[in-house]
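The sequence and the model are shown first.

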Amino acid sequence: MSTPAFDPPYVSLDQRDAALRRSGYALLSPDDVCRWLPATEPELTSLHQAWEDLPPDAYLKDGGRYRRRRHSCFMVDGDRVASTPHRAHWQPLEYNALHGGMQRWFEPMQPQTLALPVWDRILVRLGEAVSSLHGARPWFVEAHPFRIDTTDGIGRPTPEGAHRDGVDLVAVFMLGRHAIKGGESRVFEAEGPAGQRFTLLRPWSLLLLDDARVIHETTPIQPLVAGELGWRDTLVLTYRRDGFQGD
């Protein structure tokens with residue numbers, strides 16, 4: 001029996017900030033994302049091509065082979081974007097009980113990807129969103145291109161379970177799904193009972209999370225057809241004030 005797909009509760013661009021303040025999250029449709037950045041479909045397709053060359057994640061403590069990723073860091077200050085020296089991804093155990101407390105050195109994003117004009121536009125626009133929420137300042141940004149696949153029969157987008165990331169804003173772009181079921185997004189109040197569940201199906205939908213107020217997770221994926229490889233591609237960007245975690 002297939003898992004039901006719950007419709008995403010999209011909000012309009014002009015309601016983004018109000019939704020973030022009210023609920024701790026806001027979900028934008030692909031059409032609004034393209035207008036906001038702005039970006040054309042060919043530009044976003046060119047960026048997504050980089051997901052075909054993501055190295056395996058060698059740090060999965062559950063022994064899985066289902067995750068591929070890269071990792072790069074940036075400083076965003078207004079409309080200025082600067083790459084920072086390559087560094088390990090580090091989180092405290094408080095925020096990641098499975099993989100926290102360890103330095104994870106992933107391969108950086110490729111120079112040709114970072115040279116695409118749409119890349120800086122994405123970083124700047126998200127900087128504006130988090131500044132609207134928390135006040136303008138320089139932002140320390142970590143970029144995580146992910147591919148979760150069904151190599152092991154099941155793929156886990158969030159093997160650590162429902163969590164916070166220890167940052168000011170989390171942005172999750174849905175880039176694409178292929179031959180899978182599952183992968184339901186879940187957002188819950190960090191200090192309350194309210195929650196929301198939905199399935200991101202449309203490429204370039206964008207989920208924005210006020211990390212101090214909500215916890216989030218994505219349910220496992222499985223192949224639609226037994227023996228056929230499926231995958232789910234996302235781009236996760238985190239914005240944090242005052243430095244990177246682990247500094």
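## Terms and model

A residue is called buried when its relative accessible area is under 20%, exposed when the value is over 50%, and partly exposed in between. The model is predicted.

## Overall fold

The protein chain holds five helices and 13 strands. Its radius of gyration is 17 Å, close to the 18 Å that the globule rule gives for 247 residues, so the chain is as compact as a globular protein of that length. The C-alpha trace spans about 50 × 40 × 35 Å along its principal axes.

Of the 247 residues, 52% are buried. Among contacts between residues at least 6 apart in sequence, 79% join residues at least 24 apart.

## Surface and charge

The chain carries 28 positive and 33 negative charges, whose mean positions are 2 Å apart.

Strand E5 covers residues 139-149; eleven of its eleven residues are buried, so the strand is largely enclosed by the rest of the structure. Trp139, Val141, Ala143, Pro145, Arg147 and Asp149 point one way from E5, while Phe140, Glu142, His144, Phe146 and Ile148 point the other way. The buried set thus includes charged residue types, among them Glu142, Arg147 and Asp149.

E5 pairs with strand E13 (residues 231-240) in the antiparallel sense over ten bridges. Within this pairing, Leu237 of E13 is the bridge partner of Ala143. Strand E3 (residues 72-77) is also antiparallel to E5, with five bridges, and here Met75 stands opposite Phe140. Strand E2 (residues 67-69) runs antiparallel to E5 and is joined to E5 by three bridges; Arg69 stands opposite Phe146.

## Backbone exceptions

Most residues other than glycine have a negative phi, and most peptide bonds are trans.

The peptide bond between Leu37 and Pro38 is cis, with omega at about -15 degrees. Pro38 sits in the loop between helix H2 (30-36) and helix H3 (41-48).

Trp204 is not a glycine, yet has a positive phi of about 75 degrees. Trp204 belongs to the loop between strand E9 (195-199) and strand E10 (205-210). Its relative accessible area is 7%, under the 20% limit, so Trp204 is buried.

Asp242, also not a glycine, has a positive phi of about 70 degrees and lies in the segment after E13. With a relative accessible area of 68%, over the 50% limit, Asp242 counts as exposed.

Definitions and conventions. Residues are numbered from 1 along each chain as its sequence is written. This is a predicted model: local features need pLDDT of at least 70, side-chain atom pairs count only at pLDDT 80 or more; totals for chains, interfaces and linings use all residues. Side-chain values use heavy atoms; hydrogens and water are left out. Helices (H or I, at least four residues) and strands (E, at least two) are DSSP runs, numbered from the N terminus. The radius of gyration is taken over C-alpha atoms; the globule rule is 2.2 Å times the number of residues to the power 0.38. Buried means under 20% relative accessible area, exposed over 50%, partly exposed in between (1.4 Å probe, protein chains only). Contact means heavy atoms within 4.5 Å. The place of a charge is taken as NZ of Lys, CZ of Arg, CG of Asp or CD of Glu. Two strands pair if DSSP finds at least two bridges between them.
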